[in-house]
Amino acid sequence: MIDLPFIYDAFVQLCSGIPLTLQLMAVSVASGAVLAIALAAMRLSSWPPLDLLARIYIFIFRGTPLLVQLYLIYYGLSQFPELRKTFLWPFLREAYWCAALALALNTAAYSAEIIRGGVLSVPAGQIEAARAYGMSGLTLIRRIIAPQALRQMLPGYSNEVILMAKSTALASTITMMEVTGLAAKLISATYRPVEIFIAAGAIYLLLNFIVSRLFKLFEYRLSAAQRQPIYRRAAGENA
Amino acid sequence: MKLKIILSAIGLLATAHVAQAEDVIRIATEGAYAPWNFSGPNNVLEGFEIDLANDLCERMKAKCEIVAQNWDGIIPSLTAGKYDAIMAAMSITPKREEVMAFSAPYAAAINSFAAMEDSGLANLPETGKPLSVDSEAAKPVLEEIAKKIQGKAVGVQGSTTASAFMEQYFQGGADVREYKTTEEHNFDLASARLDAVVANATVLAAALEKDDMKGAKLTGPLFSGKVFGMIGVGLRKEDTALKARFDDVIKAAVADGTVKKLSEKWFKVDVSPQE
């Protein structure tokens, strides 16, 4: 009943949407990460108004569906003729930038909380000790906080990046011809949704397999201190 | 024990459904394609096809349930058995006939461009004149339009005859963008993201009357022809008995002027199929 050669055919055709999917993902994850660091810093700041501002932002962007945010940015903002006269319009006119913006704003909210969790996981004693050694500001962050926070937040953050890879599919609702958009177009030409969605699903699976492997590798590299020394395992000490 | 109760409840529901299925015809429409079919106030479906469906069902002495279904899933859901018929301004095309059946046509499909008055596309040739794209006379007109829309952003609803028309006649010329609904491409026409849209002329004409579409107008000929086809009730291939029932009542409704009357009520023009 399932037509394998047809699925393969669809898979090959859908592959032409991968560059756009990857671009949307890369642009939004990268710019979202920058915004997330700023938001996390605000959340950790000792000045209450900054913390409150970041809290409100995170509350709104985590509490509403990404699709709604995307529609508000794409169809909502274009309803204001005033906006169309500003320097922002050349960007907001394009579905591509609207999709990237919505994805970035959304992932920033989630990532900020992941970063905050990572930073808070660094034992206070270590920070105190570092300060006692005279480290402060950037040195403290670079030497003590960042390496440990990064390792703590990696599993959570890899989840977020995988979610973003899948969220790019929503861009198809605003005319973007990425993998899902192409799939919809192909379905309208063939009326064979099952095979084509299987092919599209396989592409996302493959993509996310690579993403999760990369994070795994990164995690391995960062956690040298937690690994058992090789000579002990070779000696069969725990066997 | 609990499981037994649940199972027997499901069984009851199932048998109730079978018993009811005899004379109930479930018809899907899009509900976002005014004035053919749309959600009116209080979310009640209204439009030309809703009125026509009710009339046809009365003639068939059947009870009809009309449900709204997104356009892009409307054919797969029919073949999956979620409903029995589609009345959603769906053109009869050879490609669709590969996967489904159609009743006799109940309307002709006429498509047109629309653009903003202050844009360069507001004055396409032959505005308002009927033109069959299959005719010899169409060639120079289509060539002139192709030149004018070269590189312009043109919105169409995905999986429609309008998108097939753009692909077939203006391949590689205009920057064609596909939308989920005509309402969405109209928004983008009004906000100047698009230079033009192509859709069913009756639908565009109705949309242009709204305030937020001020400044937009129909431009170019009123296209008809093979690529647009005629509009019929979409059915599953195996439901030949249902097709025969629809064929009979549609022919009767066309013959006695009911289709013409409803068409003039909703479109102000007669779109009833001409033999």
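Reply: The account below goes from the chain to the helix pair, and then to two further sites.

This is a predicted model, in which local features need pLDDT of at least 70 and side-chain atom pairs pLDDT 80 or more, while totals for chains, interfaces and linings use all residues. Residues are numbered from 1 along each chain as written, chains are lettered from A and ligands numbered from 1 in written order, and side-chain values use heavy atoms, without hydrogens or water.

Chain B has 10 helices and 14 strands (DSSP runs, H or I of at least four residues and E of at least two, numbered from the N terminus). Its C-alpha atoms fill a box of roughly 70 × 45 × 35 Å along the principal axes. Of the 275 residues in chain B, 51% are buried (under 20% relative accessible area, 1.4 Å probe, protein chains only). Among contacts in chain B between residues at least 6 apart in sequence, 70% join residues at least 24 apart (contact: heavy atoms within 4.5 Å).

The part in question is the pair formed by helix H2 (residues 48–60) and helix H10 (residues 258–267) of chain B, which pack at about 160° with axes 9 Å apart (lines fitted to C-alpha atoms over the stretch in contact; angles from 0 to 180 degrees between N-to-C directions). H2(B) and H10(B) are therefore roughly antiparallel (over 145 degrees). H2(B) passes H10(B) in a right-handed crossing (near helix turned clockwise from the far one by less than a right angle).

On the H2(B) side, the contact is made by B:Phe48, B:Asp51, B:Leu52, B:Asp55 and B:Arg59. H10(B) brings B:Thr258, B:Val259, B:Leu262, B:Ser263, B:Lys265, B:Trp266 and B:Phe267. By class, the residues of this H2(B)–H10(B) contact divide into 6 nonpolar, 2 polar and 4 charged (charged: Asp, Glu, Lys, Arg; nonpolar: Ala, Val, Leu, Ile, Met, Phe, Trp, Tyr, Cys, Pro; polar: the others).

Elsewhere in chain B, B:Ala138 lies in helix H5 (residues 138–149) and, at 0% relative accessibility, counts as buried. B:Ala138 touches B:Leu131, B:Ser132 and B:Val133, leaving aside residues up to four places away in sequence.

In chain A, helix H9 (residues 179–190) and helix H10 (residues 193–222) pack at about 165°, with axes 9 Å apart. That makes H9(A) roughly antiparallel to H10(A). The contact of H9(A) with H10(A) has 10 nonpolar, 2 polar and no charged residues.

Notes. Angles under 35 degrees count as roughly parallel, over 145 as roughly antiparallel, 65 to 115 as roughly perpendicular and the rest as oblique. Buried means under 20% relative accessible area, exposed over 50%, partly exposed in between (1.4 Å probe, protein chains only).
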